[in-house]
Amino acid sequence: MQHVTSLSFLLLAYSNYLSHANKAVPCGERSASPALLKQLAKRQVNYILGDNPLGMSYMVGYGSRFPQRIHHRGSSLPSVAAHPARIGCKAGSRYYVSPNPNPNLLLGAVVGGPNVSDAFPDSRPYFQESEPTTYINAPLVGLLAFFSAHP
Ligand SMILES: *[C@@H]1O[C@H](CO)[C@@H](O)[C@H](O)[C@H]1NC(C)=O
């Protein structure tokens with residue numbers, strides 16, 4: 001999702017610029033209006049949140065179906081309440097390879113997303129699909145803020 005969220009944020013920012021400048025992007029015989037760019041960005045956000053072939057939200061905790069085995073140490077290790085004893089730096093492997101869902105939800109985190117086949121392994125070792133990152137989530141915050149204020 002890193003390209004999706006970044007490019008969608010840029011589309012939205014550019015759409016706002018075009019809107020204020022009263023311009024559109026010429027594209028051969030057609031032209032892309034600010035409204036079209038905004039609509040494209042919104043479709044990407046909707047895809048991330050569940051409007052996709054798997055009917056799956058790629059944001060942890062959002063919707064009825066979301067990633068359960070994200071590649072994230074704080075989510076996949078037991079909490080200190082459940083496991084007060086120290087877990088050594090290299091002692092997390094059994095949690096990493098476990099087929100069980102993560103015990104802790106990183107609410108709101110968006111993961112890498114589906115692979116080229118539009119499938120989602122939902123497996124910790126598939127970090128490209130299951131890792132939540134700042135470079136995926138930061139641009140999405142801008143998109144969500146805009147669409148929340150302008151539904
Ligand atoms: C995509 O993920 C699915 C589900 O895990 C897997 O079966 C498939 O081989 C993956 N496709 C590619 C191209 O990696």
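I am working with a predicted model, in which local features need pLDDT of at least 70 and side-chain atom pairs count only at pLDDT 80 or more, while totals for chains, interfaces and linings use all residues. Residues are numbered from 1 along each chain as its sequence is written, and side-chain values use heavy atoms, with hydrogens and water left out.

**α1 and α2.** I took helices as DSSP runs (H or I, at least four residues), numbered from the N terminus. Helix α1 covers residues 2-21 and helix α2 residues 34-48, and the two pack at about 155° with axes 8 Å apart; the axes are lines fitted to C-alpha atoms over the stretch in contact, and angles run from 0 to 180 degrees between N-to-C directions. That angle makes α1 roughly antiparallel to α2, a label for angles over 145 degrees. For the contact (heavy atoms within 4.5 Å), I noted that residues of α1 including Val4, Leu11 and Tyr14 meet residues of α2, among them Pro34, Leu37 and Gln44.

**α2 and α6.** I then turned to helix α6 (residues 134-149), which packs against α2 at about 110° with the axes 11 Å apart. This makes α2 roughly perpendicular to α6, the class for 65 to 115 degrees. Lys38, Ala41, Lys42, Val45 and Ile48 of α2 make the contact with Leu140, Leu143, Leu144, Phe146 and Phe147 of α6.

**α1 and α6.** Here I found that the axes come within 8 Å and cross at roughly 40°. On the α1 side the contact includes Gln2, Phe9 and Leu12, and on the α6 side it includes Tyr135, Pro139 and Gly142.

**Ligand.** Around the ligand I listed Asn115, Val116, Ser117, Ala119 and Pro121, a residue being counted if one of its heavy atoms lies within 4 Å. Looking at individual atoms, I noted a polar side-chain atom of asparagine 115 at 2.3 Å from an oxygen atom of the ligand, and a polar side-chain atom of serine 117 at 3.3 Å from a ligand nitrogen atom; for such pairs of N or O atoms the cut-off is within 3.5 Å.

Definitions and conventions. Angles under 35 degrees count as roughly parallel, over 145 as roughly antiparallel, 65 to 115 as roughly perpendicular and the rest as oblique. A polar contact is a pair of N or O atoms within 3.5 Å; within protein, one must be able to donate a hydrogen and the other to accept it, and residues adjacent in sequence count only if both atoms are side-chain atoms.
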